[in-house]
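Dear colleague,

Please find below the structure that I am handing over to you.

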Amino acid sequence: MPNQAETFRIAVRKFGPFESAMQKFWDSYCAFSGCTLQLEMQIMDLHELYESTITNQGLAKGAFDIAHINTDWVYEGYLNQAFEVLNPYINTSKPVDFPNGWSKSLLGLQRFGWEVVGLPFHDGPECFIYRKDLFESETEQANYLKQFGKALTVPQTWEDFHQVARFFNRPDDNLYGSIFACYPDGHNTVFDFCLQLWTRGGSLVDKKGNIQINCPAAVEGLDFYRKIVNDQTAVHPKSKDFESVAAGVAFANGEAAMMINWFGFAGMCEVDANSKVKGKVGVDLLPAAAGKASASLNVYWLYTIAKGSKNKEVAYDFLKFATNAAQDKLLTLEGGIGCRLSTWKDAEVNEIIPYYHKLEQLHEVANMLPQHKNWTQIAKIIDEMVLKAMNTTAETSGLIEAAQNQINKLN
(Lines give C-alpha, C1' and ligand atoms only; values in the text may rest on other atoms or scores of the structure.)
Protein backbone atom coordinates (compact mmCIF):
# COMPACT_ATOMS: atom_id res chain seq x y z
CA MET A 1 0.00 0.00 0.00
CA PRO A 2 1.32 3.48 -0.81
CA ASN A 3 1.90 5.76 2.17
CA GLN A 4 -0.21 8.89 2.72
CA ALA A 5 2.31 11.16 1.04
CA GLU A 6 2.07 9.09 -2.15
CA THR A 7 -1.73 8.90 -2.15
CA PHE A 8 -4.35 11.38 -3.34
CA ARG A 9 -7.71 10.80 -1.69
CA ILE A 10 -11.05 11.84 -3.17
CA ALA A 11 -14.34 11.39 -1.34
CA VAL A 12 -16.76 10.39 -4.11
CA ARG A 13 -20.55 10.24 -4.09
CA LYS A 14 -21.53 6.63 -4.77
CA PHE A 15 -22.88 6.57 -8.34
CA GLY A 16 -21.40 4.57 -11.21
CA PRO A 17 -20.97 7.49 -13.64
CA PHE A 18 -19.24 9.60 -10.96
CA GLU A 19 -16.88 6.78 -10.10
CA SER A 20 -15.91 5.98 -13.68
CA ALA A 21 -15.57 9.66 -14.63
CA MET A 22 -13.33 10.47 -11.66
CA GLN A 23 -11.02 7.57 -12.48
CA LYS A 24 -10.77 8.70 -16.12
CA PHE A 25 -10.16 12.33 -15.04
CA TRP A 26 -7.34 11.28 -12.73
CA ASP A 27 -5.69 8.99 -15.27
CA SER A 28 -5.83 11.73 -17.92
CA TYR A 29 -4.58 14.34 -15.47
CA CYS A 30 -1.58 12.24 -14.46
CA ALA A 31 -0.71 11.60 -18.11
CA PHE A 32 -1.06 15.36 -18.80
CA SER A 33 0.76 16.70 -15.72
CA GLY A 34 3.19 13.96 -14.79
CA CYS A 35 1.65 13.62 -11.33
CA THR A 36 2.77 10.37 -9.70
CA LEU A 37 0.37 10.28 -6.75
CA GLN A 38 -1.86 7.22 -6.64
CA LEU A 39 -5.58 7.85 -6.54
CA GLU A 40 -7.62 6.44 -3.68
CA MET A 41 -11.33 6.97 -4.19
CA GLN A 42 -13.44 6.54 -1.10
CA ILE A 43 -16.90 5.86 -2.50
CA MET A 44 -19.80 6.64 -0.16
CA ASP A 45 -23.54 7.07 -0.20
CA LEU A 46 -25.06 10.40 0.82
CA HIS A 47 -25.29 9.82 4.55
CA GLU A 48 -21.82 8.31 4.86
CA LEU A 49 -20.29 11.05 2.70
CA TYR A 50 -21.80 13.80 4.87
CA GLU A 51 -20.75 12.06 8.09
CA SER A 52 -17.18 11.48 6.88
CA THR A 53 -16.50 14.89 5.39
CA ILE A 54 -18.50 17.29 7.58
CA THR A 55 -19.71 15.70 10.82
CA ASN A 56 -16.48 13.81 11.53
CA GLN A 57 -14.37 16.69 10.12
CA GLY A 58 -12.66 14.54 7.51
CA LEU A 59 -12.01 17.59 5.32
CA ALA A 60 -10.79 19.80 8.15
CA LYS A 61 -8.46 17.06 9.44
CA GLY A 62 -7.10 16.08 6.03
CA ALA A 63 -8.59 12.60 5.71
CA PHE A 64 -9.27 13.58 2.08
CA ASP A 65 -7.72 15.93 -0.45
CA ILE A 66 -10.87 16.59 -2.48
CA ALA A 67 -14.52 15.82 -1.80
CA HIS A 68 -17.80 15.87 -3.67
CA ILE A 69 -19.97 18.13 -1.53
CA ASN A 70 -23.70 18.67 -1.93
CA THR A 71 -24.79 22.31 -1.73
CA ASP A 72 -27.12 21.33 1.12
CA TRP A 73 -24.02 20.93 3.28
CA VAL A 74 -21.73 23.63 1.97
CA TYR A 75 -22.79 26.39 4.39
CA GLU A 76 -22.32 24.12 7.40
CA GLY A 77 -18.93 23.04 6.09
CA TYR A 78 -17.93 26.66 5.50
CA LEU A 79 -18.87 27.63 9.06
CA ASN A 80 -16.80 24.68 10.35
CA GLN A 81 -13.81 25.63 8.17
CA ALA A 82 -13.88 22.33 6.28
CA PHE A 83 -12.88 23.82 2.93
CA GLU A 84 -9.85 25.52 1.47
CA VAL A 85 -10.82 29.00 0.21
CA LEU A 86 -10.12 28.99 -3.52
CA ASN A 87 -9.76 32.70 -4.23
CA PRO A 88 -5.94 32.85 -4.00
CA TYR A 89 -5.70 29.94 -6.44
CA ILE A 90 -8.32 31.36 -8.81
CA ASN A 91 -6.66 34.79 -8.77
CA THR A 92 -3.34 33.20 -9.70
CA SER A 93 -4.66 30.76 -12.30
CA LYS A 94 -8.33 30.77 -13.24
CA PRO A 95 -10.19 27.72 -14.55
CA VAL A 96 -10.82 28.17 -18.27
CA ASP A 97 -13.53 30.77 -18.90
CA PHE A 98 -14.23 31.30 -15.20
CA PRO A 99 -16.84 32.47 -14.23
CA ASN A 100 -18.59 33.09 -17.56
CA GLY A 101 -18.45 29.46 -18.63
CA TRP A 102 -21.13 28.52 -16.09
CA SER A 103 -24.68 29.58 -15.38
CA LYS A 104 -24.87 32.04 -12.49
CA SER A 105 -27.26 29.57 -10.82
CA LEU A 106 -24.29 27.23 -10.29
CA LEU A 107 -21.90 29.77 -8.78
CA GLY A 108 -23.82 31.23 -5.86
CA LEU A 109 -24.23 28.61 -3.15
CA GLN A 110 -20.50 28.03 -2.74
CA ARG A 111 -19.72 31.72 -2.34
CA PHE A 112 -19.77 33.45 1.04
CA GLY A 113 -19.07 37.16 0.75
CA TRP A 114 -15.99 37.21 -1.46
CA GLU A 115 -14.86 33.70 -0.52
CA VAL A 116 -15.35 30.83 -3.00
CA VAL A 117 -15.03 27.30 -1.57
CA GLY A 118 -16.03 25.04 -4.46
CA LEU A 119 -16.30 24.59 -8.21
CA PRO A 120 -19.36 23.08 -9.96
CA PHE A 121 -19.13 19.32 -10.46
CA HIS A 122 -22.57 17.85 -11.26
CA ASP A 123 -25.89 19.55 -11.92
CA GLY A 124 -29.41 18.71 -12.97
CA PRO A 125 -32.48 20.23 -11.29
CA GLU A 126 -35.49 18.17 -10.26
CA CYS A 127 -37.79 17.54 -13.20
CA PHE A 128 -40.62 15.42 -14.54
CA ILE A 129 -39.26 12.38 -16.42
CA TYR A 130 -41.60 10.20 -18.44
CA ARG A 131 -41.82 7.42 -21.00
CA LYS A 132 -42.43 9.28 -24.23
CA ASP A 133 -43.15 6.07 -26.11
CA LEU A 134 -46.05 5.23 -23.77
CA PHE A 135 -47.59 8.70 -23.97
CA GLU A 136 -47.30 8.74 -27.77
CA SER A 137 -48.71 5.24 -28.28
CA GLU A 138 -51.96 5.33 -30.27
CA THR A 139 -53.24 2.31 -28.34
CA GLU A 140 -52.54 3.95 -24.97
CA GLN A 141 -54.10 7.21 -26.14
CA ALA A 142 -57.25 5.44 -27.31
CA ASN A 143 -57.57 3.45 -24.07
CA TYR A 144 -57.04 6.53 -21.91
CA LEU A 145 -59.63 8.51 -23.87
CA LYS A 146 -62.12 5.67 -23.52
CA GLN A 147 -61.49 5.33 -19.77
CA PHE A 148 -61.35 8.98 -18.75
CA GLY A 149 -63.02 10.88 -21.58
CA LYS A 150 -60.01 13.09 -22.20
CA ALA A 151 -56.72 13.00 -24.09
CA LEU A 152 -53.60 11.39 -22.67
CA THR A 153 -51.11 14.22 -22.28
CA VAL A 154 -48.11 15.04 -20.11
CA PRO A 155 -49.78 15.91 -16.78
CA GLN A 156 -49.84 19.57 -15.86
CA THR A 157 -51.47 19.11 -12.45
CA TRP A 158 -50.73 16.72 -9.58
CA GLU A 159 -54.26 15.32 -9.84
CA ASP A 160 -53.66 14.43 -13.49
CA PHE A 161 -50.30 12.95 -12.53
CA HIS A 162 -52.01 10.65 -10.05
CA GLN A 163 -54.65 9.61 -12.58
CA VAL A 164 -52.08 8.88 -15.30
CA ALA A 165 -49.97 6.92 -12.79
CA ARG A 166 -52.93 4.66 -12.03
CA PHE A 167 -53.59 4.21 -15.73
CA PHE A 168 -50.06 2.99 -16.45
CA ASN A 169 -49.72 0.85 -13.32
CA ARG A 170 -49.35 -2.72 -14.58
CA PRO A 171 -47.58 -4.91 -12.00
CA ASP A 172 -47.97 -8.04 -14.10
CA ASP A 173 -45.81 -6.37 -16.75
CA ASN A 174 -43.32 -5.03 -14.15
CA LEU A 175 -44.50 -1.55 -15.13
CA TYR A 176 -45.63 0.91 -12.49
CA GLY A 177 -47.28 4.28 -12.91
CA SER A 178 -44.65 6.31 -11.11
CA ILE A 179 -41.57 6.17 -8.92
CA PHE A 180 -40.71 8.29 -5.91
CA ALA A 181 -37.44 8.22 -3.94
CA CYS A 182 -38.57 8.02 -0.32
CA TYR A 183 -35.52 6.59 1.42
CA PRO A 184 -35.14 8.39 4.78
CA ASP A 185 -31.74 10.08 4.51
CA GLY A 186 -32.69 13.69 5.17
CA HIS A 187 -32.77 14.48 1.46
CA ASN A 188 -35.21 12.58 -0.75
CA THR A 189 -38.49 13.18 1.09
CA VAL A 190 -37.34 16.66 2.09
CA PHE A 191 -36.88 17.58 -1.55
CA ASP A 192 -40.25 16.06 -2.44
CA PHE A 193 -41.93 18.04 0.34
CA CYS A 194 -40.33 21.27 -0.90
CA LEU A 195 -41.49 20.58 -4.46
CA GLN A 196 -45.05 19.92 -3.29
CA LEU A 197 -44.95 23.15 -1.27
CA TRP A 198 -43.53 25.32 -4.05
CA THR A 199 -45.81 23.96 -6.79
CA ARG A 200 -48.77 24.96 -4.61
CA GLY A 201 -47.59 28.56 -4.22
CA GLY A 202 -45.93 28.10 -0.82
CA SER A 203 -42.55 29.16 0.50
CA LEU A 204 -40.04 27.62 2.92
CA VAL A 205 -39.18 30.93 4.57
CA ASP A 206 -41.11 33.88 5.99
CA LYS A 207 -40.35 37.56 5.37
CA LYS A 208 -37.69 37.50 8.10
CA GLY A 209 -35.88 34.58 6.48
CA ASN A 210 -36.93 32.04 9.13
CA ILE A 211 -38.01 28.54 8.11
CA GLN A 212 -41.82 28.51 8.14
CA ILE A 213 -43.61 25.40 6.87
CA ASN A 214 -46.88 25.71 8.79
CA CYS A 215 -49.09 26.97 5.96
CA PRO A 216 -52.03 25.75 3.83
CA ALA A 217 -49.82 24.92 0.83
CA ALA A 218 -47.73 22.61 3.05
CA VAL A 219 -50.83 20.83 4.36
CA GLU A 220 -52.19 20.35 0.83
CA GLY A 221 -48.82 19.17 -0.46
CA LEU A 222 -48.15 16.70 2.35
CA ASP A 223 -51.72 15.39 2.14
CA PHE A 224 -51.22 14.64 -1.54
CA TYR A 225 -47.77 13.16 -1.08
CA ARG A 226 -48.73 10.74 1.69
CA LYS A 227 -51.73 9.67 -0.38
CA ILE A 228 -49.87 8.96 -3.61
CA VAL A 229 -46.76 7.24 -2.19
CA ASN A 230 -49.06 4.82 -0.34
CA ASP A 231 -51.20 4.15 -3.41
CA GLN A 232 -50.19 0.67 -4.54
CA THR A 233 -52.19 1.17 -7.74
CA ALA A 234 -50.00 4.11 -8.80
CA VAL A 235 -46.47 3.83 -7.38
CA HIS A 236 -43.56 1.40 -7.61
CA PRO A 237 -43.71 -0.86 -4.53
CA LYS A 238 -40.05 -0.26 -3.68
CA SER A 239 -40.35 3.54 -3.63
CA LYS A 240 -40.04 3.69 0.16
CA ASP A 241 -36.67 1.92 -0.10
CA PHE A 242 -35.38 3.90 -3.08
CA GLU A 243 -33.02 6.84 -2.83
CA SER A 244 -32.64 8.89 -5.99
CA VAL A 245 -30.01 6.67 -7.60
CA ALA A 246 -31.98 3.44 -7.09
CA ALA A 247 -35.13 5.15 -8.39
CA GLY A 248 -33.24 6.30 -11.47
CA VAL A 249 -31.90 2.81 -12.12
CA ALA A 250 -35.39 1.31 -11.83
CA PHE A 251 -36.72 3.85 -14.32
CA ALA A 252 -33.86 3.12 -16.74
CA ASN A 253 -34.78 -0.55 -16.37
CA GLY A 254 -38.24 0.22 -17.78
CA GLU A 255 -40.10 -0.21 -14.51
CA ALA A 256 -42.16 3.02 -14.53
CA ALA A 257 -44.04 5.38 -16.80
CA MET A 258 -43.18 8.53 -14.82
CA MET A 259 -40.71 9.76 -12.24
CA ILE A 260 -39.95 12.91 -10.27
CA ASN A 261 -36.17 12.96 -9.99
CA TRP A 262 -33.00 14.80 -10.90
CA PHE A 263 -32.36 15.61 -14.55
CA GLY A 264 -29.22 13.47 -14.46
CA PHE A 265 -31.27 10.30 -14.25
CA ALA A 266 -32.99 11.17 -17.50
CA GLY A 267 -29.59 11.63 -19.11
CA MET A 268 -28.46 8.30 -17.68
CA CYS A 269 -31.25 6.58 -19.62
CA GLU A 270 -29.58 7.64 -22.88
CA VAL A 271 -25.93 6.88 -22.08
CA ASP A 272 -26.06 3.83 -19.80
CA ALA A 273 -25.42 0.65 -21.79
CA ASN A 274 -27.87 -1.21 -19.54
CA SER A 275 -30.75 1.23 -20.10
CA LYS A 276 -33.89 -0.36 -21.53
CA VAL A 277 -35.54 3.00 -22.32
CA LYS A 278 -32.90 4.66 -24.50
CA GLY A 279 -34.65 6.94 -26.99
CA LYS A 280 -37.99 6.56 -25.20
CA VAL A 281 -37.65 9.27 -22.53
CA GLY A 282 -39.04 12.78 -22.29
CA VAL A 283 -38.38 15.58 -19.80
CA ASP A 284 -40.69 18.40 -18.77
CA LEU A 285 -41.51 20.81 -15.96
CA LEU A 286 -43.06 19.35 -12.82
CA PRO A 287 -46.84 19.31 -12.45
CA ALA A 288 -48.36 21.91 -10.13
CA ALA A 289 -51.59 22.54 -8.29
CA ALA A 290 -54.35 23.88 -10.52
CA GLY A 291 -53.72 27.56 -11.20
CA LYS A 292 -50.19 27.52 -9.72
CA ALA A 293 -46.82 27.72 -11.44
CA SER A 294 -44.38 24.85 -11.77
CA ALA A 295 -41.17 24.86 -9.76
CA SER A 296 -37.93 22.95 -9.54
CA LEU A 297 -35.12 22.53 -7.05
CA ASN A 298 -31.54 23.46 -7.79
CA VAL A 299 -29.25 21.40 -5.60
CA TYR A 300 -25.89 20.70 -7.16
CA TRP A 301 -22.60 19.01 -6.39
CA LEU A 302 -19.27 20.73 -5.89
CA TYR A 303 -15.62 19.86 -6.01
CA THR A 304 -14.07 21.12 -2.78
CA ILE A 305 -10.50 21.02 -1.50
CA ALA A 306 -10.02 19.82 2.07
CA LYS A 307 -8.75 22.44 4.49
CA GLY A 308 -6.48 19.77 5.97
CA SER A 309 -5.11 18.46 2.67
CA LYS A 310 -1.34 18.11 2.33
CA ASN A 311 -1.70 18.24 -1.47
CA LYS A 312 -3.54 21.53 -2.01
CA GLU A 313 -1.55 22.71 -5.03
CA VAL A 314 -2.08 19.38 -6.80
CA ALA A 315 -5.74 19.40 -5.74
CA TYR A 316 -6.40 22.79 -7.32
CA ASP A 317 -4.44 21.91 -10.45
CA PHE A 318 -6.54 18.76 -10.76
CA LEU A 319 -9.79 20.71 -10.28
CA LYS A 320 -8.81 23.09 -13.05
CA PHE A 321 -8.29 20.06 -15.28
CA ALA A 322 -11.46 18.23 -14.17
CA THR A 323 -13.68 21.27 -14.75
CA ASN A 324 -12.45 22.10 -18.24
CA ALA A 325 -14.83 21.78 -21.19
CA ALA A 326 -13.61 18.37 -22.34
CA GLN A 327 -13.90 16.72 -18.91
CA ASP A 328 -17.27 18.38 -18.23
CA LYS A 329 -18.56 16.87 -21.45
CA LEU A 330 -17.02 13.50 -20.59
CA LEU A 331 -18.82 13.50 -17.23
CA THR A 332 -22.08 13.94 -19.15
CA LEU A 333 -21.30 11.13 -21.57
CA GLU A 334 -20.48 8.87 -18.59
CA GLY A 335 -23.96 9.52 -17.17
CA GLY A 336 -23.46 12.54 -14.93
CA ILE A 337 -24.54 16.08 -15.77
CA GLY A 338 -21.87 18.55 -16.76
CA CYS A 339 -22.16 22.09 -15.51
CA ARG A 340 -20.64 24.20 -18.26
CA LEU A 341 -22.84 26.12 -20.66
CA SER A 342 -20.75 24.66 -23.47
CA THR A 343 -21.89 21.15 -22.48
CA TRP A 344 -25.54 22.15 -22.25
CA LYS A 345 -25.37 23.47 -25.82
CA ASP A 346 -23.05 20.83 -27.25
CA ALA A 347 -24.43 19.37 -30.50
CA GLU A 348 -23.16 15.84 -29.84
CA VAL A 349 -24.55 15.82 -26.30
CA ASN A 350 -27.95 17.03 -27.50
CA GLU A 351 -27.98 14.40 -30.22
CA ILE A 352 -27.41 11.66 -27.63
CA ILE A 353 -29.64 13.27 -24.98
CA PRO A 354 -32.27 15.14 -27.05
CA TYR A 355 -33.69 17.09 -24.10
CA TYR A 356 -30.35 18.27 -22.74
CA HIS A 357 -30.97 21.85 -23.83
CA LYS A 358 -33.94 21.96 -21.43
CA LEU A 359 -31.56 22.48 -18.53
CA GLU A 360 -31.73 26.24 -19.05
CA GLN A 361 -35.55 26.16 -18.94
CA LEU A 362 -35.51 24.12 -15.72
CA HIS A 363 -33.08 26.53 -14.10
CA GLU A 364 -35.49 29.39 -14.79
CA VAL A 365 -38.06 27.90 -12.38
CA ALA A 366 -35.59 26.35 -9.92
CA ASN A 367 -35.59 27.40 -6.28
CA MET A 368 -32.69 27.12 -3.86
CA LEU A 369 -32.82 25.68 -0.38
CA PRO A 370 -32.12 28.31 2.29
CA GLN A 371 -28.56 28.66 3.52
CA HIS A 372 -29.18 28.14 7.20
CA LYS A 373 -26.57 27.08 9.77
CA ASN A 374 -29.01 24.47 11.12
CA TRP A 375 -30.33 23.27 7.76
CA THR A 376 -29.17 19.67 8.26
CA GLN A 377 -31.10 19.52 11.56
CA ILE A 378 -34.12 21.21 9.99
CA ALA A 379 -34.04 18.77 7.07
CA LYS A 380 -34.00 15.88 9.54
CA ILE A 381 -37.12 17.29 11.23
CA ILE A 382 -38.89 17.64 7.86
CA ASP A 383 -37.76 14.15 6.87
CA GLU A 384 -39.21 12.69 10.09
CA MET A 385 -42.44 14.63 9.56
CA VAL A 386 -42.88 13.26 6.04
CA LEU A 387 -42.08 9.72 7.19
CA LYS A 388 -44.72 9.98 9.93
CA ALA A 389 -47.20 11.16 7.30
CA MET A 390 -46.33 8.19 5.08
CA ASN A 391 -46.37 5.58 7.82
CA THR A 392 -49.08 6.69 10.27
CA THR A 393 -52.63 8.04 10.19
CA ALA A 394 -51.76 11.16 12.21
CA GLU A 395 -53.46 14.35 10.98
CA THR A 396 -51.33 16.23 8.47
CA SER A 397 -51.84 19.66 10.02
CA GLY A 398 -50.80 18.34 13.42
CA LEU A 399 -47.61 16.78 12.01
CA ILE A 400 -46.68 20.06 10.32
CA GLU A 401 -47.40 22.10 13.44
CA ALA A 402 -45.28 19.76 15.59
CA ALA A 403 -42.41 19.94 13.08
CA GLN A 404 -42.64 23.74 12.99
CA ASN A 405 -42.43 23.87 16.78
CA GLN A 406 -39.22 21.82 16.63
CA ILE A 407 -37.83 24.08 13.90
CA ASN A 408 -38.64 27.20 15.93
CA LYS A 409 -36.35 25.97 18.69
CA LEU A 410 -33.46 25.94 16.21
CA ASN A 411 -34.06 29.36 14.62
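**Salt bridges and their surroundings**

At 34% relative accessibility, Lys 150 counts as partly exposed, a class that lies between buried (under 20% relative accessible area) and exposed (over 50%), computed with a 1.4 Å probe on protein chains only. The model is predicted, so local features need pLDDT of at least 70 and side-chain atom pairs count only at pLDDT 80 or more, while totals for chains, interfaces and linings use all residues. Residues are numbered from 1 along each chain as its sequence is written, and side-chain values use heavy atoms, with hydrogens and water left out.

The side chain of Lys 150 meets that of Asp 160 in a salt bridge, at 2.9 Å from N to O; the term denotes a side-chain nitrogen of Lys or Arg within 4 Å of a carboxyl oxygen of Asp or Glu. Lys 150 is in the loop between α7 (138-148) and α8, and Asp 160 is in helix α8, ten residues apart. Helices (H or I, at least four residues) and strands (E, at least two) are DSSP runs, numbered from the N terminus. Asp 160 is partly exposed, at 22% relative accessibility.

The structure holds eleven salt bridges. Another one of them joins the side chains of Glu 243 and Arg 13 (3.8 Å, N to O). Glu 243 lies in the loop between α10 and α11 (244-252) and Arg 13 in strand β1 (residues 7-13), so this pair ties together parts that are 230 residues apart in sequence. Arg 13 counts as buried, at 6% relative accessibility.

Lys 307 forms a salt bridge with Glu 84, with the closest N and O atoms 3.9 Å apart. Because Lys 307 lies in the loop between β12 (301-305) and α13 (312-322) and Glu 84 in the loop between α4 (74-79) and α5 (87-92), the pair ties together parts that are 223 residues apart in sequence. Lys 307 is partly exposed, with a relative accessible area of 37%, whereas Glu 84 is buried at 10%.

**Helices**

After α11 comes Gly 254, whose phi is positive, near 85°.

Helix α8 (residues 158-168) and helix α10 (residues 216-229) pack at an angle of about 5°, with their axes 12 Å apart. That makes α8 roughly parallel to α10, a label for angles under 35 degrees. Trp 158, Phe 161 and His 162 of α8 and Phe 224, Lys 227 and Ile 228 of α10 make the contact, which is defined as heavy atoms within 4.5 Å.

Asp 123 is placed in the loop between β6 (119-122) and β7 (126-131). Not counting residues up to four places away in sequence, Asp 123 touches several residues, including Leu 106, Tyr 300, Trp 344 and His 363.

Yours sincerely

Key
Axes are lines fitted to C-alpha atoms, for helices over the stretch in contact, and angles run from 0 to 180 degrees between N-to-C directions. Angles under 35 degrees count as roughly parallel, over 145 as roughly antiparallel, 65 to 115 as roughly perpendicular and the rest as oblique.
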